[in-house]
Amino acid sequence: MGNTATERINTSTEPLPNSKRMASRLWRWRKHASWFQVTLIVFLTAIGLFMLLPIIFLFNNAFKPLNELFLFPPTIWVKEPTMRNFERLFLHSAAGVVPFTRYLFNSVIVVALTLFSVIMASTMAGYVLAKHRFHFKTLIMSLIMLSLMFAPETVSIPRYIMVSGLGMTNTYFAHVLPFIASPVAVFLMKQFIDQVPDALIEAAKLDGAGDMYIFTRIIIPLIAPAVATISIITFQAVYLDMEGSTLYTQKETMKTLAYYVSSLTANLQNSVAGQSIAAACALLMFIPNLIMFLLFQRKMIQTMLHSGVK
Amino acid sequence: MGNVKFHHVYKYYKGEPIPSVNDFHLDVADGEFLVLVGPSGCGKSTTLRMLAGLEDVSQGDIYIDGKFTNFVSPKDRDIAMVFQNYALYPNLSVHENMALGLQLRKVAKHDVELRVNRAAKMLEISHLLSKKPNQLSGGQKQRVALGRALVREPKAFLMDEPLSNLDAKLRTQTRTEIIKMHGQLQTTFVYVTHDQTEAMTMGTRIVVMKDGRIQQVAPPQQLYDEPRNLFVAGFIGTPQMNFLQGAVVRQDGVYYFETKRLKLRIPETYSVRFEASGANLRQIVLGLRPEHVACGNDAPEAWADWQAAAIVDMKEPMGSDTFLYTKVGEETLIARTDAHTPIRVGDSILLALQMNKAHFFDLESGVSLSIPGDRA
């Protein structure tokens, strides 16, 4: 039976030697895989494609003319692609009080500052918690773990009081500061640095290296994957965050891109016209995320494997 | 120049009632190859780490080169250490790995080059200098680790089971190299291992440890010939020394060692010592190395009263000679015999126990009764 099946595949793909080879390879592979594996792969591929839908939708939406955006039932694929949405995005903003580019600029500044400070704080804290002996270490570690268990909303009032008490409303610090203390980042870093053999640090100590040298030259290069992971997580959190813009800043010039995008559709007076701008803007918002992820995904998987977090 | 002195050193860990290192008191002479050996958890590594400055000393003093060193930081002790898992910096090349210690000590650049190249040549790793550690095999990594210690030209080399991760052939090879290295440098080496073969072949002096305590300190041959207690006797030598439990009986002025099935005359040399130490016919342990158990047929006449009937249980040919695992009653005795022996498993044979080479130990304390007091 197996032979006839092979023949059938061979004959059907006769004119294309390349695909013929592919088919025979597939068939050979099929012999090694069990039915369970085949079903599993088909099933997972289907789920994967389904997960891809919003992204396809997002890309198509950005190029849809206004009438297609309001079609019912909505379509996934664009029929007559247009750049009009992007044009309107830039034109609309230029006519408004605060230009689109200002929001973009704010977002870039905030993301860069936060990324830098979170990586600094979490790697340093992780190193000390993983490799140093000091009093109350377990207590500090459990406090950090404890703070992981609070939903961010539950502490938003105390956080507001702190930010305003420090006089940081309407500054970039209001966007950055709440993110610096990132228990997830510290926990991940600690887990990852735990894996670095003690002997390595001891060898460096005997070689005459100080703590700072060990940290910057030996630990940091080894935990690059974890840093990449933290970068993705933090980037997404900060980039999409609106709390900073809605709660801690009243000045329009200090608000970020995420807030701007949401205001486009949420703004009732402008909801119809806003749809097209929002579609274009959503794509623009999404692209940096995608780039970050593609850049670091391999390292991220590595981190998940190493830290035992799945 | 590189002498090390331990003055009643103790190490207590939090929450453990028994110290990990218990009254370690020892002088290590300059240029000596000292091996610390013992089963895992005996405190040998802790002792080495205290010497390196990686662990605090709980009690007692450590002197390096005559200077009190308890509170000197590791980098200022002028010692180099080789670790079991090599501990090479994975992101640096072999050359950088070896040079780092010198660069951090602000050694002039040309001097660094000179020393790295010289060490690389000595260890035959010159062609690997530009490689990264993950491109090297285990043996090469350990050479680099040795090289990293070598370039520092330290007062003492500390090695913490450096050969344990290597396969058997490489281990023997690297072992020879370390011995050669010591011969060339004439620096103090302190070497930790759990492998008694390594200890015997490498050390000029061996410290046997158990449960944090020093059991015996002696040169290899003396350790083998005159173990101070049961533990040392059992730990050193493969296959293990044969142990028989029995009583000392005196008949007509002659001492006999007696078990259920055996009655062996104890040579006079021991009798004198028994009387001196006041061994009052109590339970003792007889220790006899496999090479001192001969197969009766080729034993000389003089050993006539040291014979025992045995059944061969297992045969272990080693190539150069054969070990016979024999049963005397329920006791197992290992005998070393000729490689081409015709004796087969299941044969009944006559063993001659060479009592003039025997060791006697107190059953309770395990202390040797056969070594003169001043050597024990």
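Predicted model: local features only at pLDDT ≥ 70, side-chain atom pairs only at ≥ 80, totals over all residues.

Student: What makes α2(B) and α4(B) roughly parallel?

Tutor: Their packing angle is about 30°, with the axes 8 Å apart. Angles under 35 degrees count as roughly parallel, and therefore α2(B) and α4(B) get that label. The crossing of α2(B) past α4(B) is right-handed.

Student: Which residues of α2(B) and α4(B) meet there?

Tutor: From α2(B) you have B:V94, B:N97, B:M98, B:G101 and B:L102, and they meet B:V144, B:G147, B:R148 and B:V151 of α4(B). Sorted by class, the contact has five nonpolar, three polar and one charged residues.

Student: Why is α7(A) called oblique to α10(A)?

Tutor: Helix α7 of chain A (residues 137-147) and helix α10 of chain A (residues 183-194) pack at about 130°, axes 9 Å apart. Roughly perpendicular covers 65 to 115 degrees and roughly antiparallel needs over 145, so the pair α7(A) and α10(A) ends up as oblique. Their crossing is left-handed.

Student: What does the contact of α7(A) with α10(A) consist of, by class?

Tutor: Five nonpolar residues, one polar and no charged. The residues that meet are A:I144, A:M145 and A:S147 from α7(A), and A:P183, A:V186 and A:F187 from α10(A).

Student: How do you know whether A:A237 is buried, exposed or partly exposed?

Tutor: Count C-beta neighbours inside 10 Å: A:A237 has 16. Buried takes 20 or more and exposed takes 12 or fewer, so A:A237 is partly exposed. A:A237 sits in helix α13 of chain A, residues 224-239. If you want a distance to check, A:A237 and A:I223 are 14 residues apart in sequence and 21 Å apart in space, C-alpha to C-alpha.

Student: And what makes B:E124 exposed?

Tutor: B:E124 has 12 C-beta neighbours inside 10 Å. The exposed class is 12 or fewer, so B:E124 counts as exposed. B:E124 is in the loop between α3 (109-122) and α4 of chain B.

Student: Where does B:Q186 fall, exposed or partly exposed?

Tutor: Partly exposed, because B:Q186 has 13 other C-beta atoms within 10 Å. B:Q186 lies in the loop between α5 (168-185) and β8 (188-193) of chain B.

Student: Why flag the phi values of residues like these?

Tutor: Most residues other than glycine have a negative phi. B:E124 is not a glycine, yet its phi is positive at about 60°. B:Q186 is also a residue other than glycine with a positive phi, near 55°.

Student: How do you know which peptide bond at A:P73 is cis?

Tutor: Look at omega: the bond joining A:F72 and A:P73 is cis, with omega about -5°. A:P73 lies in the loop between α4 (66-69) and α5 (84-95) of chain A. In chain B, the bond from B:T238 to B:P239 is cis too, omega near -15°. B:P239 is found in the loop between α8 (230-235) and β11 (242-251) of chain B.

Student: What does the UniProt record call a transmembrane region in chain A?

Tutor: The unreviewed entry puts that annotation on residues 35-59, 103-127, 134-152, 172-193, 214-239 and 277-296. In the model, residues 172-193 are 91% helix and 0% strand, with end C-alpha atoms 31 Å apart. Residues 277-296 are 100% helix, with end C-alpha atoms 30 Å apart. Chain A as a whole comes to 16 helices and zero strands.

Notes:
Residues numbered from 1 in each chain as written. Chains lettered and ligands numbered in written order. UniProt positions renumbered as here; feature names shortened; annotations may be inferred. Helix = DSSP H or I, 4+ residues; strand = E, 2+ residues; numbered from the N terminus. Axes fitted to C-alpha atoms, helices over the stretch in contact; angles between N-to-C directions. Left-handed = near helix turned anticlockwise from the far one by under 90°. Contact = placed C-beta atoms within 7 Å. Nonpolar A, V, L, I, M, F, W, Y, C, P; charged D, E, K, R; others polar.
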